[in-house]
Amino acid sequence: MYKRFADAIIIGGGVTGTAITYYLSKTGIQPILIEESNLNAGASGACDEGIVLQSKHTGIMLDMVLKSAKLYKTLEDELNYPIGYRNVGGMIIINEEKYIPVIETFIKKQQQQGLNIHMLHPSDIHKQQPGLSKKVVASAFSKDDCNVYPFKLTLGYVEAAKRLGAKVLLHNRVNNITINKNTLGDKRRELRITTNEHEILTPIVVDATGCGSRQIGKMLGLEIPVFPSRGQIVITEQIPPLIKHQIMDAKFIVAKHKPQLVEKNNALSNLNVGLTIGQAETGNTLIGGCREQVGYNTSTSFSTIREIVKNAADFFPFMKDVSIIRSFAGLRPTTPDNLPILSQTPIPRFYIASGLGGDGLSLSPIVGKIMADLIMKGNCNIVDISQLSLDRFFNIG
């Protein structure tokens with residue numbers, strides 16, 4: 001086993017871990033990123049391309065995504081890497097009258113916090129997005145929603161971080177993390193990371209493993225309440241550019257923020273199925289819109305895929321004639337209160353950046369900056385992250 005030292009270790013090779021690696025590298029230290037498989041092997045490789053601002057609840061989540069969206073505008077130039085950023089705008093479409101007041105109240109609060117969003121006049125809905133079903137009775141629109149390609153984004157972070165001196169260890173599974181008692185008090189090497197190939201001493205460890213956070217925490221006796229929520233996505237054949245915007249069904253938002261209003265199908269009682277759809281530059285459409293509590297099961301299910309496809313055809317009738325070429329599932333890391341954990345822990349210099357749910361892609365730049373600030377300064381001046389502390393679940397003093 002090869003022994004080495006590192007200024008910091010980031011565990012997890014998705015958009016969150018690679019963003020933290022990049023922004024830490026910008027401070028002048030040289031971290032090592034450890035990933036048990038390949039980059040994007042988890043949730044970051046099983047998502048769509050949408051950075052949807054208007055789906056975020058007001059408060060800290062909307063604050064962070066607004067700041068993140070601003071960073072995204074110049075990120076491609078900063079990384080000197082083609083991350084596939086496109087400002088496509090987004091719509092929340094409504095096909096049930098009962099959802100209209102919920103969405104109107106939702107966006108009014110968002111407007112007050114600075115989001116550029118408004119309700120479209122009914123006569124403008126189908127002009128804004130041709131091909132929509134006549135069942136759509138209302139829609140919100142934000143020109144600030146955008147797309148980015150997750151795989152290219154992650155590679156962009158990694159390549160930029162490597163130019164600054166960071167190292168990347170792929171196919172290295174973290175088997176243990178211990179406090180290195182022989183060097184306790186030596187700020188250079190208090191934590192020991194053991195992988196299948198390396199033993200690394202470091203003063204700083206960041207857990208950015210998403211749904212793996214509970215297992216990582218247990219290595220140090222910490223309970224990290226991050227649980228998997230499965231999402232499934234269907235990819236269609238290439239079609240002409242018919243989906244102009246990133247589209248989300250109001251039901252998918254209401255199911256998260258006002259679940260009592262959503263009728264549940266008995267056959268799919270453990271799901272919240274709505275619609276998310278967007279079209280990639282290649283012409284393929286990516287269709288999703290479910291939240292499933294099925295543990296760590298990453299397989300796809302016919303019943304869910306059927307419901308997703310049905311929703312797409314209900315909202316876009318022309319999709320009935322479009323062929324599906326594949327489907328996949330991924331696990332979103334969620335917490336009991338649906339807020340992420342961006343936090344120090346009771347273990348000195350062991351940090352957590354997890355529980356981002358389906359918002360890891362949307363928030364990656366700001367999370368990278370937040371964690372770099374927290375690690376290097378001991379606090380964060382970018383966003384007040386006190387309510388995102390691990391302490392909130394355990395009343396830790």
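Is Y85 buried, partly exposed or exposed, and what is its relative accessible area? Y85 is partly exposed, at a relative accessible area of 22%. The terms run as follows: buried is under 20% relative accessible area, exposed is over 50%, and partly exposed lies in between (1.4 Å probe, protein chains only).

1. Basis. This is a predicted model, in which local features need pLDDT of at least 70, side-chain atom pairs count only at pLDDT 80 or more, and totals for chains, interfaces and linings use all residues. Residues are numbered from 1 along each chain as its sequence is written, and side-chain values use heavy atoms, with hydrogens and water left out.

2. Aromatic pairs. The structure holds six aromatic pairs. Rings of Phe, Tyr and Trp (its six-membered ring) pair if their centres lie within 6.5 Å; planes under 30 degrees apart are stacked, over 60 edge-to-face, and the rest tilted. Y72 and Y85 make a stacked pair, with 6.4 Å centre to centre and 15° between the planes. Y72 sits in helix α2 (residues 60-79), while Y85 is in the loop between α2 and β5 (90-94), so the pair ties together parts 13 residues apart in sequence. Helices (H or I, at least four residues) and strands (E, at least two) are DSSP runs, numbered from the N terminus. Y72 is buried, at 0% relative accessible area.

3. A second pair. F393 and F394 pair edge-to-face: 6.4 Å centre to centre, 65° between the planes. F393 is partly exposed at 22% relative accessible area. F394 is partly exposed at 36%.

4. Aromatic cluster. Which residues form one aromatic cluster? They are Y22, Y23 and Y157.

5. Cysteines. The model has zero disulfides, a disulfide being a pair of cysteine sulfur atoms within 2.5 Å. C290 is buried, with 0% relative accessible area. C380 also counts as buried, at 14%.

6. Q246. This residue lies in strand β15 (residues 246-249). Q246 is buried, with a relative accessible area of 6%. What does Q246 touch, not counting residues up to four places away in sequence? Its contacts (heavy atoms within 4.5 Å) are D48, G50, V52, V88, G89, G90, M91, N147, I277 and G278.
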